[in-house]
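Here is a short briefing on a structure. Keep the sequence and the coordinates open as you read.

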Amino acid sequence: MSRKTDFFLKTLYVIAWIIFVGLCIDAGGLIVNTYVTLFINPEASARFWGGMKLLPLYKFNQSHYVTFVSLLIIVAILKSILFYLILNLFHKNKLNLSSPFNKTLGKHIFFLSYLAFGIGLFSGWGNNFSNWLRGISNGSISESIQYLNFEGADVWIFMGVILIIFALIFKKGIEIQSENEFTV
Amino acid sequence: MAIVVNLDVMMAKRKMSLNELSEKVGLTLANLSILKTGKAKAIRFSTLEAICKVLDCQPGDILEFINEKKNDTKN
């Protein structure tokens, strides 16, 4: 492995760690906030998670609040899992650049693509739901969910498609490599 | 697989060990073992030529085609 590649991978590793920690805090904050809102004190939760102003939505309709927050939590958890898997790739030395086409990495890429698809689908669902909420509330809660809208659903789906194509090419690469290994 | 490798039969006929064949052909023991156990997916003409030269035989003596479908219907 060249020094440049090594440096690039180490930088990516550090960035992935930072994003993973951020996403875990995000998911954890959302879960704690929802728990406090639903079971302890809805008013106190307004000051809890930085800028999280979902109280108007909670007051507007509790079931809509639960659906909205569930979608937010699902997307946050899926994103955390995605970055956990990326870190796992670096940690368990699954990324062996001398013979990269192995079945473990192939399965890993397939799983990453499904996760990206999942994030895209749930984000799209959340986006439509928040638009619908804005419509039925006549703008009374639009400010609270405006900055929480699920952006980039199409980008995630696009990434999922690209990853699936990449995984299929990778699968072919694994076949070619194994054929090459068993050519005497 | 329908192609069967009869390398062990030819080696037994010529009374040659795997080590000796490996030295004479210039293949590693691991690769020869892959070929002998039928795990190989392909064989290079150069390898086949070297093996035939050392064992003094034809490629047909080492490789054999068995029609699995025909055998299945017979059974």
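A residue counts as buried when its relative accessible area is under 20%, with a 1.4 Å probe and protein chains only. By that cut-off, 28% of the 75 residues of chain B are buried. The model is predicted.

**Chain B overall**

- Chain B holds six helices and two strands.
- In sequence order, the pattern of chain B is β-α-α-α-α-α-β-α.
- The C-alpha trace of chain B spans about 40 × 25 × 20 Å along its principal axes.
- Take the contacts in chain B between residues at least 6 apart in sequence: 65% of them join residues at least 24 apart.

**Helix pair H2(B) and H4(B)**

- Two packed helices are described by the angle between their axes and the distance between the axes.
- Helix H2 of chain B covers residues 18–25, and helix H4 of chain B covers residues 45–55.
- Their axes come within 10 Å and cross at roughly 120 degrees.
- Angles of 65 to 115 degrees count as roughly perpendicular and those over 145 as roughly antiparallel; H2(B) and H4(B) are therefore oblique to each other.
- The crossing of H2(B) past H4(B) is right-handed.
- H2(B) makes the contact through Leu21(B), Lys24(B) and Val25(B), while H4(B) supplies Ala50(B), Ile51(B), Val54(B) and Leu55(B).
- By type, the residues of this contact are six nonpolar, no polar and one charged.

**Thr47(B)**

- Thr47(B) sits in helix H4 of chain B.
- Is Thr47(B) buried or exposed? Its relative accessible area is 7%, so Thr47(B) is buried.
- Beyond its neighbours within four places in sequence, Thr47(B) contacts Val184(A) and Leu27(B).

**Nonpolar cores**

- In soluble globular proteins, nonpolar side chains tend to be buried together.
- The largest nonpolar core has 38 residues, and Leu54(A), Phe68(A) and Leu82(A) touch the most other members.
- Elements giving two or more residues to this core are helices H1 (3–40), H3 (55–60), H4 (62–91), H5 (103–136) and H7 (153–181) of chain A.
- Which helix gives the most to this core? H4(A) does, with 14 residues.

Terms used
Residues numbered from 1 in each chain as written. Chains lettered and ligands numbered in written order. Predicted model: local features only at pLDDT ≥ 70, side-chain atom pairs only at ≥ 80, totals over all residues. Heavy atoms only, no water. Axes fitted to C-alpha atoms, helices over the stretch in contact; angles between N-to-C directions. Helix = DSSP H or I, 4+ residues; strand = E, 2+ residues; numbered from the N terminus. Parallel < 35°, antiparallel > 145°, perpendicular 65-115°, else oblique. Left-handed = near helix turned anticlockwise from the far one by under 90°. Contact = heavy atoms within 4.5 Å. Nonpolar A, V, L, I, M, F, W, Y, C, P; charged D, E, K, R; others polar. Buried < 20%, exposed > 50% of the residue type's maximum accessible area, 1.4 Å probe, protein only. Core = buried A, V, L, I, M, F, W, Y, C linked by side-chain atoms within 4.5 Å.
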